[in-house]
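Reader: Before I use the labels on this model, I want to see the values behind them. Please go through them.

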There are 2 protein chains.
Amino acid sequence: LAQAKLDELRERLGEISDLGRARALLAWDEHTYMPPAGIEPRSEQLATLARIRHERLISDELGRLIDAASAELDSAPYDSDDVSLVRVARRGWEKARRVPADLRAEMTRVSSLAEHAWEDARANSDFGAFLPHLERNVELRRRYADCFEGFEGFEHEYDALLDDFEPGMTTAEVAAVLGDLRDGVQPLIAAIADSGVTVDDSCLYGEYRLAAQEDLAKELVARLPLQEGAWRLDTTVHPFASAISPADLRITTRFDTNYLGTSVWSVLHEAGHAMYENGVPRALWRSPLASPSSLGFHESQSRLWENWVGRSRPYLDQIMPELRDLFPERLGDVDVETIYRAANKVEPSLIRVEADQVTYNLHIILRFELELEIFANRIELRDLPDAWNARMRDYLGVEVPDDANGVLQDVHWADGMFGYFPTYALGNVIAGQLWERITIEIPDVEEHIGRGELVPLRDWLRENLHRHGNKFMPKELIERVVGGRIDVQPYVGQLRKRASEIYGV
Amino acid sequence: LAQAKLDELRERLGEISDLGRARALLAWDEHTYMPPAGIEPRSEQLATLARIRHERLISDELGRLIDAASAELDSAPYDSDDVSLVRVARRGWEKARRVPADLRAEMTRVSSLAEHAWEDARANSDFGAFLPHLERNVELRRRYADCFEGFEGFEHEYDALLDDFEPGMTTAEVAAVLGDLRDGVQPLIAAIADSGVTVDDSCLYGEYRLAAQEDLAKELVARLPLQEGAWRLDTTVHPFASAISPADLRITTRFDTNYLGTSVWSVLHEAGHAMYENGVPRALWRSPLASPSSLGFHESQSRLWENWVGRSRPYLDQIMPELRDLFPERLGDVDVETIYRAANKVEPSLIRVEADQVTYNLHIILRFELELEIFANRIELRDLPDAWNARMRDYLGVEVPDDANGVLQDVHWADGMFGYFPTYALGNVIAGQLWERITIEIPDVEEHIGRGELVPLRDWLRENLHRHGNKFMPKELIERVVGGRIDVQPYVGQLRKRASEIYGV
């Protein structure tokens with residue numbers, strides 16, 4: 001009875017969680033199994049669930065419950081489940097209340113139109129057709145950011161945008177990290193280009209039977225230390241992972257009959273996201289603490305499994321029998337070293353989602369810098385294609401042939417998602433810091449991986465990261481996990497080490 | 001502006017509809033693709049959606065909107081979309097408000113426990129273990145029925161239970177129909193037994209390759225006049241059909257490697273349900289008029305496609321090449337007449353869901369009569385097994401070996417669903433009346449079916465039945481469709497005709 005209001009708060013937040021999870025299932029279904037004719041009613045169903053969830057999230061009643069529950073907390077520590085719940089709920093409530101309903105509705109409406117316009121614009125490589133939509137999106141995001149005037153910790157307009165994806169991270173902090181990252185990665189790419197070494201990755205391309213790729217992907221996920229009976233793997237167009245609950249994980253992938261990579265590394269990437277959600281302790285389920293809200297930390301998990309496990313020599317060595325078994329005609333005579341080199345080839349290219357793990361970072365930095373210039377009024381939106389192309393030339397030495405392969409390639413700006421891109425790079429950086437700690441604390445982690453023993457690694461991640469769920473903001477979390485700030489050095493060092501093995505640089 | 005309140009009502013009802021449809025998707029997923037570990041959070045998600053939907057359904061605000069919208073209706077006719085919407089919404093609101101939240105919660109809680117107890121009790125054929133749960137369910141359903149004291153048209157306590165599945169049908173009316181049905185079917189079963197004719201249905205049993213059965217089921221649904229791109233067929237344990245929207249129909253089935261029947265007739269049955277939902281006009285979507293609420297009428301569609309199309313000679317003749325193609329070793333030498341006779345074999349048996357279409361009705365009548373006796377206090381629950389077994393002997397000449405194969409065979413009473421069973425028989429009866437009209441108005445319907453042309457039949461059903469959606473109660477609807485009351489004669493006549501062909505009676 002002493003915590004009656006806290007219990008009530010927990011139930012209210014549980015309902016809000018249920019509504020979000022239900023929405024996630026409707027979205028998963030839309031992208032996997034929904035019959036195509038179902039799209040219009042589905043959009044209405046998704047909108048209704050989002051609206052009802054939002055009404056509850058901003059309700060006066062929830063605010064009163066948060067206050068009342070807060071009064072019941074007494075002297076529990078900052079990182080206790082209850083204190084964290086109230087703290088995270090309050091911040092979410094305060095943020096959500098800042099934004100008028102009509103502005104939210106307008107953002108949804110306009111970004112939906114913009115996404116359709118973007119699809120056509122990209123198909124025709126016609127930036128001009130997309131420009132008015134982009135302008136409208138930017139204008140609405142400015143109004144959105146303005147709602148947070150005076151919000152604790154927000155100084156720059158862009159802070160408010162960042163915060164939705166990376167709570168508590170400021171523009172200045174992200175700019176510093178991404179600046180360091182650029183300074184670390186650019187010389188490495190130059191050195192690789194100058195090395196004269198060319199990596200032959202043709203073993204990954206050419207015909208790979210779809211059914212065998214599906215078997216492979218299922219087998220690779222089954223070998224991961226994901227809770228048994230708590231996941232599925234399905235096919236979609238744009239791969240994603242979704243947690244219908246921490247015990248109901250939907251990993252999706254696509255398959256390419258002419259490329260083996262997606263059925264290995266894209267699958268491990270999405271499974272990495274799923275393992276994060278799966279590692280959240282039971283006590284935090286059905287609450288805002290159950291689903292980590294920092295996209296950077298989420299991406300650190302997908303990147304860690306994709307790159308530092310999945311593209312490692314011991315992992316590839318361990319799955320080699322399976323690969324040879326499924327594709328004898330393609331890989332029967334290929335050795336692990338060849339696959340390893342192909343998996344870690346570095347080569348500047350046009351498209352972010354197809355980029356290697358080194359040059360990928362510059363794709364992100366370019367976008368982040370352009371977003372900063374947009375919101376600081378240092379660039380006109382109509383000049384974006386030129387700025388994009390100039391920077392691609394400058395950073396990657398790549399000539400952009402048309403806007404479809406340049407400024408129009410990603411959906412994010414059409415969706416109004418400014419502040420999202422940098423989290424991809426933060427994920428790389430954080431993964432590097434985690435991997436450094438892991439190799440210190442589990443010195444034989446690579447031997448484990450080589451024997452297919454992935455439980456020690458998972459348990460380290462659970463113990464050091466997953467168990468916190470969404471209690472902490474990224475800055476607090478990195479401090480707790482590695483005892484320091486976000487720092488690019490471990491990541492850059494790891495990239496250098498791999499490059500030195502392959503390119504001798 | 002003249003209908004501002006009506007628009008507002010429509011939007012509120014649209015949200016309630018969305019919540020119900022979202023819930024249907026979560027339930028479909030639970031029974032098809034959900035990883036097993038997801039069950040507990042899923043139950044909470046389902047409960048939350050149901051609770052929020054119900055809160056909105058019984059809200060004062062909805063009542064006020066219904067009144068205000070009603071005042072805007074002016075002189076539109078009874079069967080207009082708007083007048084029907086207000087009428088159906090008002091009845092739903094008035095019914096939902098009658099039941100206190102704590103009683104509803106208790107019914108849900110108790111029936112959930114009862115269902116688990118029933119599973120164990122059935123496994124052990126131990127009626128005594130189930131009895132306390134049954135008692136609790138009956139007691140709660142009595143309290144539920146008592147909430148409707150004085151509700152328009154309710155006289156008998158059982159009327160309130162019936163009404164949830166067959167709105168507006170009274171106990172007396174259903175008893176009269178089912179009494180006529182018993183009188184029509186009993187002599188027919190006796191005559192068949194006396195005919196000395198035995199039908200060999202062994203062609204349907206024995207090994208049928210699963211993959212080929214799946215292909216067959218998909219092909220049979222694809223040949224039905226269901227909207228393209230608006231359905232799926234998936235595998236489950238207990239087959240059902242669910243409409244996530246009228247353009248997103250989820251047909252499910254199970255397959256039996258030793259029996260061909262489910263992949264033909266069970267699939268057609270569920271697809272019949274789906275075609276009903278699919279036939280509701282666009283103007284009624286996202287409203288309480290979109291989903292027909294009479295289970296009897298819904299069952300009439302599944303039965304019509306299953307029995308009067310699917311078990312007919314022309315239909316079987318039409319799919320025979322497919323059957324022979326998929327199962328050459330089993331059906332290569334079997335003629336249509338053999339399949340036709342097997343598909344229409346009549347033989348008393350123990351289990352309702354495995355019963356033939358003639359004896360099936362007595363399984364229902366038995367349950368209906370026992371339910372009436374329960375709620376009229378004419379039987380003690382502990383005496384149900386004896387009463388069941390006596391009636392099985394009396395009606396079907398079958399000895400019940402144990403309660404698992406008797407009174408414990410169905411989940412309905414464990415779920416507290418009293419008043420549900422009779423709708424299965426009403427569905428048979430109504431299907432008979434529809435089929436009679438169809439054969440008059442489309443004299444060559446069987447020739448159509450024999451050529452695989454199912455659109456004229458579907459269009460007749462759309463024009464005469466589906467287009468009304470949920471506007472009318474069963475009594476009104478049957479009057480509109482066939483110009484009379486519910487009447488067993490057409491159905492009994494059709495059963496007799498088929499029996500005379502096969503058994504010469």
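Author: Below, labels are set against their definitions. The model is predicted, with local features requiring pLDDT of at least 70 and side-chain atom pairs pLDDT 80 or more, while totals for chains, interfaces and linings use all residues. Residues are numbered from 1 along each chain as written, chains are lettered from A in the order written, and side-chain values use heavy atoms, without hydrogens or water.

Reader: What makes Lys95(A) and Asp164(A) a salt bridge?

Author: A salt bridge needs a side-chain nitrogen of Lys or Arg within 4 Å of a carboxyl oxygen of Asp or Glu. For Lys95(A) and Asp164(A) the N to O distance is 2.6 Å, so the pair qualifies. Lys95(A) lies in helix α4 (residues 81–97) and Asp164(A) in the loop between α7 (157–163) and α8 (171–194), so the pair ties together parts 69 residues apart in sequence. Helices here are DSSP runs (H or I, at least four residues).

Reader: Why is Lys95(A) called buried?

Author: Buried means under 20% relative accessible area, exposed over 50%, and partly exposed in between (1.4 Å probe, protein chains only). Lys95(A) has 10%, so it is buried. Asp164(A), at 29%, is therefore partly exposed.

Reader: Why does Ala71(B) count as exposed?

Author: Its relative accessibility is 62%, so Ala71(B) passes the exposed cut-off. Ala71(B) lies in helix α3 (residues 60–71) of chain B.

Reader: How do you know how the two copies are related?

Author: Chain B can be laid on chain A by a turn of 180° and a shift of 0.0 Å along the axis, with an RMSD of 0.0 Å. The copies are thus related as by a two-fold rotation axis. The superposition is by least squares on C-alpha atoms of residues with pLDDT of at least 70 in both.

Note on methods
Helix = DSSP H or I, 4+ residues; strand = E, 2+ residues; numbered from the N terminus.
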